[in-house]
Amino acid sequence: MRRIVCLLMILCVSSCSSSHLKSKPNPSQSYKSWPYPIPCRIQDGENPELFMMTLGDVDTTLAQGVYDPVQDKVTLKDGTVKEHYYRDILGVTYYKPIDKTHFPLPPSGWCTWYYYYYRITAQEVKRNAKWISENLKDYGAQFVQIDDGWQRSPNDTRDWTHVHQEYFPDGMADVASYIKSVGLIPGIWLAPHGQSNRTVVDANPNVFLRKEDGTLDEDRRRWEGLFLVDPSMEESLKYMEDLFSTLCEWGYEYFKIDGQPPVVREYSQKGSFMKNPTDNTNELYRKTLESIRKTIGPDRYLLGCWGIPTEGIGIMDGSRTGGDIVLGWGGFQTALRAVMAYYYQHNIVWYVDPDVMVLRSPLTMEQARVWATLQGLTGQALMATDRMMDLSEDRVEILRRVYPAVDIRPLDLFPAQRNKKIWDLKINHMGRNYDVVGVFNFDENATEQMYLKWADLDLPTDKPIHVFDFWNKEYLGSWQAGMTLDMSPTSCRVLTLLPSNDQIQLISTNRHITQGWVDLISLKYDDANKTYSGKSRIIKNDPYEVRFVFPRNNNYAIKSVTARSTDGILPVTFANHQGWAAAKIHSKNTTEASWEVKFESTDIYHYPAEAPASLRLERVGLDGADLTWSEQYYLNVGYQVYLNGELLGYTPKAAFPLRGLDPKVNYTVGVETVWEDGTTSRNKAEQTFSIESMAPRQMSLNQLTPSSSGGRMGGRMRGFTGRRMGGAGNQTISVGEKTYRNAILTNPGMEITYDVKGLYDSFSAMVGIGDDSSSDNGVEFIVMGDGKELWRSASLLKADGLKAVNIEITGVKSLVLRAESQTDEAGERARGQQRRGRGQRNLIQAAWIDATLALN
């Protein structure tokens, strides 16, 4: 192989040694030596929308137990022990704790693929690398990874011995050398188990799979190449070593190896083709990875790609977990599904990569912030993919606030069954215990008023919580119990939540979405002299802002600010507001600066609050109501809402969502107007109601949002990836060449659960197979009630049209609609394609039409 490489390749001139530019933890962050026991949840708590992460040594009562990564054991608070949790319960066969010795943090950088695709050139790589070096390197961007296209020739797209002469005329070593010259780390993509160049294959006769008759196993449908490496041969391992030795000699230190799960699958299917067959083809596959690791050493990053190659755990440093994204909101949803399904692996067994982050148009600025927030709050591998020098300043500003990826780890060690809307990152840093909470509206059409309940986040309910909006750079006040947020379609808010301690408090910094973790080196507060002092890392020409909040009943103002670095005294500015203040430090160089902020007392402006009037209630589903009232003419900052005398929280507008109610209970809701210092109107507006009294006698099931929806695969549930499968709202389908507009759609092997609260007596619907279904396997429709089967259809084919279901459900609380195929192999294959973002979307559409709940 080395002889063939030398004959066909461009001259290799770069050193094999690693550049050691990888991110190092902030010394102020008091790292423990991984692996160590961590708090965990193994299932959802009271709020199913809550998705939890930790940064630092966090203690929370929401943890259901402790996970010991060395023993792979969960010990719950009640004493229950779950042995081999990842290996046996989560199905991670080759479980091993991530080795953080060589890569203490996930990679942060840039990937060529989703802008240039196959048409990447050396010139464009260098332009982007130069821009990143000048604009993002100081923020933590390090890697420049060249994707598919560098090796392409007219006939051999999977030939790793050929460099594209037009696009990379000076060879790959030249590009790697340039990337290093600007202080970055070069990376390269390939699918090393495949090969398409027959000359290379013929020169290595004992390397590739052959049929029983000795002829090569050539498959033009094989994505990773016409020919597949035979892992049972020592010559194959030598082939891998030679290939990666060449890539190392070129100077590459980050390797993205694609097509891995298909390789594993083919090995299991074609074990008989191997020269030395075995029943354990996974072990043979791992030997190929071990040969790669042996060659590249521990200081070069190895990323598995295409699906989830868990057979590589313990050898790979990281893994792609999502399908290929697309440009637009659909691409974000692909990344979101990957996070929900596989984030539990991140920073436990390897670094998770949900694919790249796209920020360019046609994404709106709000959507760009949503994508950046997904990355920033989870700490996963962070790779941009736009043509960097073309991004607007506003979009570059978003990039700055999420680079680099930091040492965030999941608290939730289980796959999520829904696209959760409340992401809680709990941080413990330098004596500061605070939450950075992302609140999301993923819907493309509907605005939503969302309610954050402090108790759901394990925040104190007996004291005010300071709230700072990170992306909008504004203080939202200090409120008890909870608050509401108005969320426009495809948007998010990132809130810093800090319990008040009746002193001046530092609530936020502007450097990074974690708000202090990346930049603060030291921090001290002198309450007697009302003075904060600290030391921070500051980026050149990026004004560094520290934000302070004050107790409700005592307002302060910044009196003076001083800052100094090795360059001398630094320019400062500051701004005072009611309830909070901010100081900015300016530096022409990236540096460490010591600073001091002194405060003095000042007055509070107060406007008397008037009681609201005209309460109105509108039922939502079977356990909620939207409360509204008349907007006030005179000044106020919002309202406080009570239910049966208990404070629910604050809302800035004349509306509040009431959810999770018992439909058969009578409630009294009260509303009072509130001012910034917590003073309220003398009187409340009140109204008594019950959900049952507002419920209609007949209701379309499409008016309810499912409590869960997913597929029953391998005993574990996974969320839908098809278009609008199992969602709320009317969906359209054609059955028997007739169109129906009030349908609920599923795929075989999937089920949808509705909480119907025991309010209705009967359920009726028409069931059938959609005309667009590309498979004609028989499908059985099943209705479950509180865990018991209530009805099952005969096996229906597309030609059978619609069949009626009309059953009694008196007292049923949990209603499940399920579809099962007699031969679900095709459905499973389709779901695999969905997860990769490739192939046909739905082989079978199972429809529940005019699904209706009714009272007798």
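Q: What makes Ser108 or His512 count as something Tyr403 touches?
A: This is a predicted model, and a contact requires heavy atoms within 4.5 Å. Beyond residues up to four places away in sequence, Tyr403 touches Ser108, Gly109, Leu136, Tyr139, Gly140, Ala141, Met357, Leu382, Met383, Ala384, Arg511 and His512.

Q: Which residues touch the most other members of the largest nonpolar core?
A: Tyr403 is one of them, along with Tyr67, Tyr86, Trp150, Phe168, Phe244 and Trp423, in a core of 154 residues. Helix α10 (residues 329–342) supplies the largest share of this core, eight residues. There is also a second, separate core of 32 residues, which includes Leu704, Ile769, Ile807 and Leu817.

Q: Why is Thr385 called buried?
A: Buried means under 20% relative accessible area. Thr385 has a value of 0%, so the label buried applies. Thr385 is found in the loop between β15 (382–384) and α12 (393–400). Leaving aside neighbours within four places in sequence, Thr385 is in contact with Trp110, Cys111, Thr112, Trp113, Tyr114, Tyr115, Val356, Met357, Val358 and Arg360.

Q: How do you know that the side chain of Thr385 makes a polar contact with Cys111?
A: The cut-off for a pair of N or O atoms is 3.5 Å. The side chain of Thr385 reaches the backbone oxygen of Cys111 at 3.0 Å, and a polar atom of that side chain lies 3.1 Å from the backbone nitrogen of Tyr114. Both pairs therefore meet the distance cut-off.

Q: Why do β43 and β44 count as paired strands?
A: Pairing takes at least two bridges. Strand β43 (residues 731–735) and strand β44 (residues 738–746) have four, in the antiparallel sense; Ser734, for instance, has Thr739 in β44 as its bridge partner. The two strands form a hairpin with two residues between them, and Gly736 in the turn has a positive phi of about 60°.

Q: What joins β44 to strand β51?
A: Four bridges do, and β44 and β51 (residues 846–854) run antiparallel. Leu745 has Ala847 in β51 as its bridge partner.

Q: What makes β1 and β5 edge strands?
A: They belong to an open sheet of four strands, ordered β1-β3-β4-β5 with antiparallel pairing. β1 (38–40) and β5 (81–82) each have a single partner strand, so one side of each is left without a neighbour in the sheet. β1 pairs with strand β3 (residues 65–68) over three bridges, and the bridge partner of Cys40 in β3 is Gly65.

Terms used. Residues numbered from 1 in each chain as written. Predicted model: local features only at pLDDT ≥ 70, side-chain atom pairs only at ≥ 80, totals over all residues. Heavy atoms only, no water. Core = buried A, V, L, I, M, F, W, Y, C linked by side-chain atoms within 4.5 Å. Buried < 20%, exposed > 50% of the residue type's maximum accessible area, 1.4 Å probe, protein only. Polar contact = N/O pair within 3.5 Å; in protein donor to acceptor, adjacent residues only side chain to side chain.
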